[in-house]
Amino acid sequence: MRLGDFPEMFSLARGIRRHLVFRLGPTNSGKTHEALEALMEARSGVYLAPLRLLAMEVRDRLMNAGIPCNLVTGEERVMVPGAQHTACTVEMMDPTMEVRVAVLDEIQMLQDEQRGWAWTAALVGVPARTLFVCGDASVLRPCERLVRSMEETMELEFTERKTPLEVMPYPVEPPRATGKQGRHEAPWRGRKDRQREAQGVSKGDAVVAFTRKDVLTLSARYRAQGWKVATIYGALAPEVRRTESERFSQGEADVLVATDAIGMGLNLPIRRVLFSTVHKFDGRSMRALNATEVRQIAGRAGRYGLYPKGYVGAMDKQDLNHIRTQLQSDAPSVDLRLPIAPSPEHVQALASLLDNNNIGAVLQYFAQKVASDSPLFQTAGLKDAIELGFCVDRLAPKLELREKFTFACAPVSVDKDTELDYFKRCLSAYVAQRPMALPPAPSWLKSASPSRLEDAELLSKQISLYAWFSMKFPQVFDQGPWLPEVRSQVSRFIERSLLHQSGFGQTSREAFGTPSPGRR
């Protein structure tokens with residue numbers, strides 16, 4: 001098995017004369033906007049999104065412009081008769097559908113341990129005459145090597161921010177658990193105004209935290225001060241995140257409190273980005289944000305056309321200094337081999353070679369033992385898929401290998417017992433070939449009780465997984481037509497609950513203090 005031959009798996013892409021246009025630069029530089037304009041002018045095209053939410057947004061943009069556009073994600077296929085354009089998540093790239101123009105967004109996701117393989121496959125395999133590659137310039141070096149090896153043409157366009165970004169001179173006062181703090185309107189006239197604004201949030205601010213609990217706690221505190229607050233974090237369904245984004249964009253909410261999800265392509269009218277902390281848990285340890293992360297998040301401030309300048313601040317002097325240092329540092333550049341995940345053909349070949357039908361063992365062998373002498377590619381880590389694979393082997397040993405592979409690729413957080421339990425129920429139903437119903441709608445969905453917010457988030461995750469399985473195995477997961485109605489009920493409940501939830505008492509900083517400088 002030669003990973004260096006990976007590009008040859010995409011025969012249609014290799015058979016056309018592709019031209020790649022790299023539009024690289026910071027947020028708020030218009031790099032993706034101009035690529036989308038080219039997509040809309042083309043006779044046919046595809047937008048490859050990092051998030052289902054962004055695929056939905058781009059699809060709406062094309063439809064509103066009178067351009068029929070399909071929507072294809074792991075959870076749905078909305079096909080429009082006669083459409084020559086498609087907005088899809090990166091994982092759903094179709095290597096058999098030739099188009100005039102493709103846009104591959106957030107190319108720096110090549111560095112992502114779990115999903116980077118999808119960007120490799122799209123970069124190598126999307127059959128487009130012109131491929132716009134947008135994102136951060138940090139991964140340019142391996143991309144250039146790849147394009148040269150495929151003997152394709154390319155051009156580079158580096159974009160600059162359209163509005164200046166300024167680090168605030170003073171920390172912003174954090175919201176306290178008790179007591180009243182006054183509201184501040186949003187003029188940005190001079191130094192005295194900025195000093196006054198440092199006392200707290202202003203209309204148009206986005207406050208960034210890195211845990212669900214911190215986001216909900218800060219949101220509750222700002223609401224207690226009289227602010228109207230929009231809330232965004234990863235556990236929310238895309239439909240809810242979209243509604244919350246619209247509330248902020250349309251002025252229905254004064255302040256946005258969010259995780260770093262706002263750094264991924266969401267176009268929001270943010271004047272100031274305020275970091276509640278500059279430390280996050282990355283799955284292994286608590287660490288300080290690096291330069292790429294600070295740039296990606298802070299760059300959302302000062303949306304072009306709305307504000308003459310963007311501001312970035314923090315709620316702690318040390319944090320503010322860290323932000324300033326990261327923004328002043330040289331743009332980081334990574335030199336990595338591009339990750340590759342196994343195809344069904346890879347899996348079948350390895351299973352035959354190993355004389356082993358256990359998908360967990362096959363995926364583990366691929367990730368750990370398949371040697372690559374290619375300077376371009378490496379095997380992806382596949383940690384979650386391997387763990388799911390062993391689970392499938394244990395509970396459904398008699399399934400065909402291709403079926404096991406599909407289940408091992410399911411979008412499940414293996415460290416969440418509740419998600420894993422529902423996955424096992426779905427697997428059991430498939431093994432028995434017993435039609436499985438959607439999760440039942442609980443009676444509390446008709447209320448607005450914030451005490452059920454976490455339950456509603458779990459229910460939303462279950463609905464999303466059911467939707468994913470309904471696309472793969474519709475004969476068992478046969479209630480796909482009812483998905484939009486059920487999903488809407490759950491999303492509306494979550495939106496109501498967000499307006500009333502009271503947070504969790506202390507933020508992470510208040511509970512555990514600020515990490516020592518040595519951990520920065």
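Helices (H or I, at least four residues) and strands (E, at least two) are DSSP runs, numbered from the N terminus. What you're looking at is a predicted model, where local features need pLDDT of at least 70 and side-chain atom pairs count only at pLDDT 80 or more, while totals for chains, interfaces and linings use all residues. Residues are numbered from 1 along each chain as its sequence is written, and side-chain values use heavy atoms, with hydrogens and water left out.

**Stop 1: strand β16**

Select residues 310-314, which is β16. How many of its residues are buried? Five of five, where buried means under 20% relative accessible area, exposed means over 50% and partly exposed is in between (1.4 Å probe, protein chains only).

**Stop 2: Tyr 307**

Step back to the loop between α9 (291-298) and β16, and pick Tyr 307. Its relative accessibility is 16%, so Tyr 307 counts as buried. A polar atom of the Tyr 307 side chain lies 3.4 Å from the backbone oxygen of Pro 269. For scale, draw a C-alpha to C-alpha line from Tyr 307 to Pro 50: 27 Å in space, 257 residues in sequence.

**Stop 3: Ser 44**

Next, go to the loop between α2 (31-41) and β2 (45-49) and select Ser 44. Buried or exposed? Ser 44 is buried, at 11% relative accessible area. Its side chain reaches the backbone nitrogen of Arg 100 at 3.0 Å. Leaving out residues up to four places away in sequence, Ser 44 touches Gln 84, His 85, Glu 98, Val 99, Arg 100 and Val 101 (contact means heavy atoms within 4.5 Å).

**Stop 4: two helices**

Finish with α3 (52-64) and α8 (238-249), whose axes are 9 Å apart. On the α3 side, the contact includes Arg 52, Leu 53 and Met 56, and on the α8 side, Pro 238 and Arg 241 are among the residues involved.

Terms used
A polar contact is a pair of N or O atoms within 3.5 Å; within protein, one must be able to donate a hydrogen and the other to accept it, and residues adjacent in sequence count only if both atoms are side-chain atoms. Axes are lines fitted to C-alpha atoms, for helices over the stretch in contact, and angles run from 0 to 180 degrees between N-to-C directions.
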